[in-house]
Amino acid sequence: MTSNSECDNADVVRPGPGWLAAQHILCLSILVVGPVLRGDSDAAVWWWCRVSGALLLVLGGVVGVAGVRDLGTNRTPSIEPLPANRLVTSGIYARVRHPLYVSLIILSVAWALIWCSVECGVLALVLGMVLHGKAVREEACMRWRHADYETYQQRVPRYIPKIHHGRRI
């Protein structure tokens, strides 16, 4: 079989277009399902859902903007790094390895909360599983492409930043 990618030569399971398609379909579904299948909760629950969802929307937006900014021209929808990419380990990437995936998950959960939609919450969970699958495969490519990626993996958590006593996260 002919290889079109450096990641084909590593012990990497190629993601194919299905991963990205699943991500896009789930994101679109979450946007639609939230308002269409919104929860029918009492006022106190509705208020709590709206406020916590709004706060998470802000957090998800901040994480996403920081991820896009810090990744710069290395950003690609594919799990395969761009040919001229460099390993980004500064900014938000010094705290988590996949801030863009974290952002999408936070934003999806926020949307589910804003609409008090259990169905939307389930879709957010499925999106999280798809993004995790992409992250695992992406990391295999990055280990093959960047000799120092394994050290980076050991130092920086995949999704949730470490909290150090006496230091800011």
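**Figure 1. Packing of helix α3 against helix α4 in the predicted model.** In this predicted model, helix α3 (residues 99–114) packs with helix α4 (residues 118–145) at an angle of about 175 degrees, and the two axes lie 9 Å apart. Helix α3 is therefore roughly antiparallel to α4, because angles over 145 degrees count as roughly antiparallel. On the α3 side, the residues of the contact are Tyr101, Leu104, Ile105, Ser108, Val109, Trp111 and Ala112. They meet Cys120, Gly121, Ala124, Leu127, Gly128, Leu131, Lys134, Ala135 and Glu138 of α4. Sorted by class, the contact of α3 with α4 comprises eleven nonpolar, three polar and two charged residues.

**Figure 2. Cysteine 116 in the loop between α3 and α4.** The loop between α3 and α4 contains cysteine 116. Most residues other than glycine have a negative phi. Cysteine 116, although not a glycine, has a positive phi of about 50 degrees. The relative accessibility of cysteine 116 is 11%, so this residue counts as buried.

Figure 3. Glutamate 119 is placed in helix α4. With a relative accessibility of 40%, glutamate 119 counts as partly exposed, because that class lies between the limits of 20% and 50%. When neighbours within four places in sequence are left aside, glutamate 119 is in contact with Val33 and Leu37. Leucine 37 and glutamate 119 are 82 residues apart along the chain, and their C-alpha atoms are separated by 7.1 Å.

Figure 4. The largest nonpolar core has 14 residues, of which Leu87, Ile92, Tyr93, Tyr149 and Tyr152 touch the most other members. At least two residues of this core are supplied by each of α2 (43–71), α3 and α5 (149–155). Helix α2 provides the largest share, three residues.

**Figure 5. Leucine 87 and histidine 146.** Leaving aside neighbours within four places in sequence, leucine 87 is in contact with Met142, His146, Asp148, Tyr149 and Tyr152. Among these partners, Tyr149 and Tyr152 are, with Leu87, members of the largest nonpolar core. Histidine 146 is located in the loop between α4 and α5. At 11% relative accessibility, histidine 146 counts as buried. Not counting residues up to four places away in sequence, histidine 146 touches Asn85 and Arg86 as well as Leu87.

**Figure 6. Setting of the close-up views within the chain.** The secondary structure consists of five helices and zero strands, and from the N terminus on the elements run α-α-α-α-α. Of the 169 residues of the chain, 40% count as buried. Among contacts in the chain with a separation of 6 or more, 78% are accounted for by residues 24 or more positions apart. The accessible surface of the chain comes to about 10000 Å², and 64% of this area belongs to carbon and sulfur atoms.

Terms used
Residues numbered from 1 in each chain as written. Predicted model: local features only at pLDDT ≥ 70, side-chain atom pairs only at ≥ 80, totals over all residues. Heavy atoms only, no water. Axes fitted to C-alpha atoms, helices over the stretch in contact; angles between N-to-C directions. Helix = DSSP H or I, 4+ residues; strand = E, 2+ residues; numbered from the N terminus. Parallel < 35°, antiparallel > 145°, perpendicular 65-115°, else oblique. Contact = heavy atoms within 4.5 Å. Nonpolar A, V, L, I, M, F, W, Y, C, P; charged D, E, K, R; others polar. Core = buried A, V, L, I, M, F, W, Y, C linked by side-chain atoms within 4.5 Å. Buried < 20%, exposed > 50% of the residue type's maximum accessible area, 1.4 Å probe, protein only. Areas by Shrake-Rupley, 256 points an atom, 1.4 Å probe, with all protein chains shown as cover.
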